[in-house]
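Subject: Structure handover

Hello,

Here is the structure for you to look over. My notes on its cores and charged contacts follow below.

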Amino acid sequence: MSEQDKIALSGYLRKRHSVSKLVVHLVFTTKYRRKLFDDAMIGQLREAFESACVKLECDLLEMNGEANHVHLLIAFPPKLAVSIMVNNLKSVSSRLLRLQNSHLARQSKSAALWSRSYFACTAGGATIDTLKAYIESQTAIE
């Protein structure tokens with residue numbers, strides 16, 4: 001098996017001048033940790049994140065959440081800064097979720113759905129399967 005075949009099979013992103021495998025585990029919390037999300041809204045968020053990932057040339061490997069936060073596992077290209085990705089994911093998801101759920105506008109005086117903070121961790125410490133299983137186990141309703 002050639003080196004290129006090994007790279008293609010191992011999930012690496014092969015570009016003209018780089019080969020990479022960058023995966024980040026992100027956690028976004030709602031503003032003031034309000035319990036806003038149900039199962040339907042988690043599904044809407046998944047669609048919003050998938051749409052944003054396509055534009056950012058990322059792959060949403062896994063996504064799930066609970067009433068006041070979401071977990072995402074994303075493979076991304078080396079040209080994309082994590083902070084840029086986070087800002088884009090939060091803004092796109094907030095806009096789309098508010099369009100689909102008019103009651104969210106009444107939840108707070110500020111227009112923010114998400115807290116300004118976020119958690120980001122490279123996925124090198126645990127296997128991708130372990131992280132996928134953890135995120136998959138998250139539920140919207142406690």
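Keep in mind that this is a predicted model.

Start with Val70. Setting aside neighbours within four places in sequence, Val70 is in contact with Leu26, Val27, Phe28, Phe37, Ile42, Leu45, Phe49, Met63, Asn64, Gly65 and Trp114.

The largest nonpolar core has 27 residues. Phe37 and Val70 have the most contacts inside it. Four elements each supply at least two residues of this core: β3 (22-30), α2 (39-56), β5 (69-76) and α3 (82-100). Of these, α2 gives the most, with seven residues. Another core, of five residues, lies apart from the largest one. Val23, Leu73, Leu131 and Ile135 are among its members. As a general point, nonpolar side chains in soluble globular proteins tend to be buried together.

Now the charged side chains. How many salt bridges does the count come to? The count comes to one salt bridge. In it, the side chains of Lys79 and Glu57 meet at 3.2 Å, N to O. Lys79 sits in the loop between β5 and α3, and Glu57 in the loop between α2 and β4 (59-66), so the pair ties together parts 22 residues apart in sequence.

Are the two partners buried or exposed? Lys79 has 64% relative accessibility, so it counts as exposed. The cut-off for exposed is over 50%. Glu57 has 46% relative accessibility, so it counts as partly exposed.

Best wishes

Note on methods:
Residues numbered from 1 in each chain as written. Predicted model: local features only at pLDDT ≥ 70, side-chain atom pairs only at ≥ 80, totals over all residues. Heavy atoms only, no water. Core = buried A, V, L, I, M, F, W, Y, C linked by side-chain atoms within 4.5 Å. Buried < 20%, exposed > 50% of the residue type's maximum accessible area, 1.4 Å probe, protein only. Contact = heavy atoms within 4.5 Å. Salt bridge = Lys/Arg side-chain N within 4 Å of Asp/Glu carboxyl O.
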